Amino acid sequence: MNRKKEIAKHYTEENTIRLIAAQVVLWSAIAWRLESVIPAAILLIDFAIRAFTFLPSPLAMSAKFLVKAFNMKKQPVFIMPKKFAALLGFIFSFTAVLLFLLNEVFLAKIVLTVLAVCALLESLFKICLGCYVYNWAIVPFSKK
């Protein structure tokens, strides 16, 4: 593997991440408004793909399409904090799906609200709360 490809696999693109976050807000709002497990399950599947694989998820593919269509400037960011944030998103969406299935709609809405607020911060202000948790909780204990 050449050096560029090796470096590229450790980075992702900022505008893509922010557009994914905007879609997470949208899907969370749909699940919240419809009180439906289906949009929450869509989020769960998407977060699972992004957290546990390096395959493009449906939300990532649509975000990459928009970045390309609008000719947005590429801004690389380190991928590991973003993958950790996706893991947290997976946990939140899994919890929401489980709560919907247990008919705990009010609690599912609370979880979806927290998820949407975190995604809104990323989308609008480049504030990734999951990345902060990664830097506080994971980095100090990782091998140097």
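At what angle do helix α3 and helix α4 pack, and how far apart are their axes? The views below come from a predicted model, in which local features need pLDDT of at least 70, side-chain atom pairs count only at pLDDT 80 or more, and totals for chains, interfaces and linings use all residues. Residues are numbered from 1 along each chain as its sequence is written, and side-chain values use heavy atoms, leaving out hydrogens and water.

**View 1. Packing of helix α3 (residues 37-52) with helix α4 (residues 58-69).** The angle is about 80 degrees and the axes are 8 Å apart. That makes α3 roughly perpendicular to α4 (65 to 115 degrees). Axes are lines fitted to C-alpha atoms, for helices over the stretch in contact, with angles from 0 to 180 degrees between N-to-C directions. Helices are DSSP runs (H or I, at least four residues) numbered from the N terminus. Leu43, Asp46, Ile49 and Arg50 of α3 make the contact (heavy atoms within 4.5 Å) with Pro58, Leu59 and Ala60 of α4.

**View 2. Crossing of helix α5 (residues 79-101) and helix α7 (residues 129-138).** The two axes come within 8 Å and cross at roughly 105 degrees, which makes α5 roughly perpendicular to α7. On the α5 side, Met80, Pro81, Lys82, Phe84, Ala85 and Leu88 take part; they meet Gly130, Cys131, Val133, Tyr134 and Ile138 in α7.

**View 3. A nonpolar surface patch of about 530 Å².** Ile91, Phe92, Phe106, Leu107, Ile110 and Val114 make this patch. Patch residues have over 30% relative accessible area and no salt bridge, and nonpolar side chains (Val, Leu, Ile, Met, Phe, Trp, Tyr) are joined within 5 Å. Areas come from the Shrake-Rupley method with a 1.4 Å probe. Helix α6 (105-125) gives the largest share, four residues. Ile91 lies in α5.

**View 4. The salt bridge between Lys109 and Glu35.** Their side chains meet at 2.8 Å, N to O; the term requires a side-chain nitrogen of Lys or Arg within 4 Å of a carboxyl oxygen of Asp or Glu. Lys109 lies in helix α6 and Glu35 in the loop between α2 (14-34) and α3, so the pair ties together parts 74 residues apart in sequence. The count by this rule is three salt bridges.

Methods. Helix = DSSP H or I, 4+ residues; strand = E, 2+ residues; numbered from the N terminus. Parallel < 35°, antiparallel > 145°, perpendicular 65-115°, else oblique. Patch = residues over 30% accessible without salt bridge, like charges linked within 9 Å, V, L, I, M, F, W, Y side chains within 5 Å.
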